[in-house]
Amino acid sequence: MPARPAAPAGPPVPDDVLAGLSAERRELFDLRVQRWWPDLRDGLADVYPAEVVDGLAQRLLASAAAAYAEREEDLHRLDQERTLRPDWFQEPTMLGYAAYTERFAGTLAGVHDRLGHLADLGVTYLHLMPVLQPRSGDSDGGYAVADYRAVRSDLGTVEDLRDLARALRGRGVSLVLDLVLNHVAREHAWAQAARRGDEHHRRYFRIHPDRSVPDAYERTLPEVFPDFAPGNFTWDDELDGWVWTTFNAFQWDVDWSNPDVLVEYADIVLFLANLGVDVLRLDAIAFLWKRLGTTCQNEPEVHSLTQVLRALTRIACPAVLLKAEAIVAPADLVHYLGRGRHHGRVSDLAYHNTLMVQVWSMLAARDVRLATHALRALPAVPTSTAWITYVRCHDDIGWAISDADAEAVGLSGFWHRSFLSDWYSGEFPGSSARGLVFQENPATRDRRISGTAADLTGLTAAREAGDDAGVDAAVARVLMAHAVVLAWGGIPVLWMGDELGQSGDPGWAGEEGHEADNRWVHRPWLDDAELAAAADPATVPGRVLAGLRHLVRVRAGLPHLHASVAAEVLEVSDPGVLAVLRRHPVGDLLCLYNVTGEWRAWPGHRVRELGLAEAEDALTGAGVPWGGDGDVWLPPAGALWLRVPDRPASSR
Ligand code: GLC
């Protein structure tokens, strides 16, 4: 047998910091460093000048060692558990829920009283929207952080956060927090120091004395908030310069080409990890690296930097996962889970923005051809990762549909995107959607959409009109949309209020600082009356909740839905039916969804070819719903999850 190659010479482990630890614990740290050192070093070498890489790696390692030494016993144990079960987050039992703390439970302490509701739904992953201290006044929903080491004072304290993390851990629920790492509030200490003229901190930002550099960049930069924050630079008198502000004028982009910025964020990551945070949502990660002549999104350095942060957490706190929030075009999206040399080395989780957009596109067009093409065209992602799948979240929906995908199925990308905005704002004839247009861009004529799932599926309108048939149809659409994302593989995340079919908040503009940002329409307070009404399965909230609960429970028992198993979208037979196959060693699972308002058939011969003639619908326990014509028939907005059970349904 050839001799095993010697392990690469590792870096010097910072012994002084680890001196007080047991020999086993020191050895474990050492083993982790050996394992992750190449990822850390390669990532740094991709981004920073060669002469700073070693010093930088040492600084990061020292931070990792200090955090490791301070980490609570309970968290060390969790690190070990998850190292032994690295697919813990890929199981079909994982279910997410995302909410603003105050709108969900008042305060962090109040969340304890809502744990029953979460358990009832089957939630194992709770994303609390930004809870760290934001600037006062408008803070973009907390995404303008003034202090990463303090909790929003109206929500509680750092100790409350630690307590909540502990309580959640005790119940097997992971805590997910945002790590806003593209920008800070202009009130953050770094920004304040920069404004005072401190040179060290001025270098944390991208500041230009005149318009020449900003103008050069602007030639290729899109605008994120063209409506209320046009442009990407803001003049600041105290800085005496233009500072880069991709989002709002009060959100200053930090300069990741400065290694000190990386070291600062590494420390913040480790601080949050040691509070007991399980998943860090890397907010707006696509924007981290700026390159002249590009859109300054999705640059390769973004992935190298993620690789560095991941190596760091794998060394100090491997229980922690990274989740990329990159709301980008399909071709760019897959890179956030790792492609090419970043394969298996970047985020563990990423939002499946393409799937979300295609769900809404299918429902409006009542046609699956575009979705089928676009989803089939997505390259494979590493089997060790998982998508975050979702129907709605706290943000607007931007129609991330490429012109090429649209053209491939005979559509114009521009007109289809325009149709979707018309449909969901209720302007298109026949649409009962109640969405609001967000950030209309006169230059590109792009329009995004705000609204809850109930608003967009027509449930809100049907309830208001007392239209029972309309309510039935809309509830079916809400559930079918969720069935698609629940059976995709990955962690499905429910958006607070959607589990009750809650409508948008009619008073969204009344709150100070929210007037111009209609995303607040789909961020209503959890309606206690609706929650109480949901106890009665005959009410609308009761029907939505019971329907979702049922989907969640069935899903949890289907090993086919493990995230490592790819969701294969099958060729279209009927343009109204989406077909998704999950091939798993326990057998195949075929999911069929009728996205139209009529009965639709899927060819019986295809079901037979897949060996599923004797299958059972996991959702109903009944056999394949054959029509008299030998095809499989689905009711309007119907869903089927067909698989061969242990015993064929016919032999029962
Ligand atoms: C992310 C958040 C969004 C916020 C933006 C800037 O996209 O989801 O709500 O406005 O980042 O932080």
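Predicted model: local features only at pLDDT ≥ 70, side-chain atom pairs only at ≥ 80, totals over all residues.
Between β8 and β9, the antiparallel pairing runs over four bridges. Within this part of the sheet, F233 stands opposite W244 in β9. Strands of a sheet pair through backbone hydrogen bonds, in either a parallel or an antiparallel manner.

The loop between β9 (241-244) and β10 (251-253) contains N248. This residue is buried, because its relative accessible area of 7% falls under the 20% cut-off.

The side chain of N248 makes a polar contact with the side chain of Q251, at 2.9 Å. When neighbours within four places in sequence are left aside, N248 is in contact with D140, F225, F228 and A229.

## Helix α23

Helix α23 spans residues 540-556, 17 residues in total, and reaches 24 Å from its first C-alpha to its last, close to the 24 Å expected at 1.5 Å a residue. At the start of α23, a side-chain oxygen of T539 comes to within 3.0 Å of the backbone nitrogen of G542.

The buried residues of α23 include V540, P541, V544, L545, L548, L551 and V552. The buried residues of this helix pack against the helices α7 (115-121), α20 (459-465), α21 (468-486) and α22 (528-533), and against the strands β17 (491-495) and β24 (639-643).

Technical notes. Residues numbered from 1 in each chain as written. Heavy atoms only, no water. Helix = DSSP H or I, 4+ residues; strand = E, 2+ residues; numbered from the N terminus. Buried < 20%, exposed > 50% of the residue type's maximum accessible area, 1.4 Å probe, protein only. Polar contact = N/O pair within 3.5 Å; in protein donor to acceptor, adjacent residues only side chain to side chain. Contact = heavy atoms within 4.5 Å. Pairing = 2+ DSSP bridges. Expected span 1.5 Å × (residues − 1).
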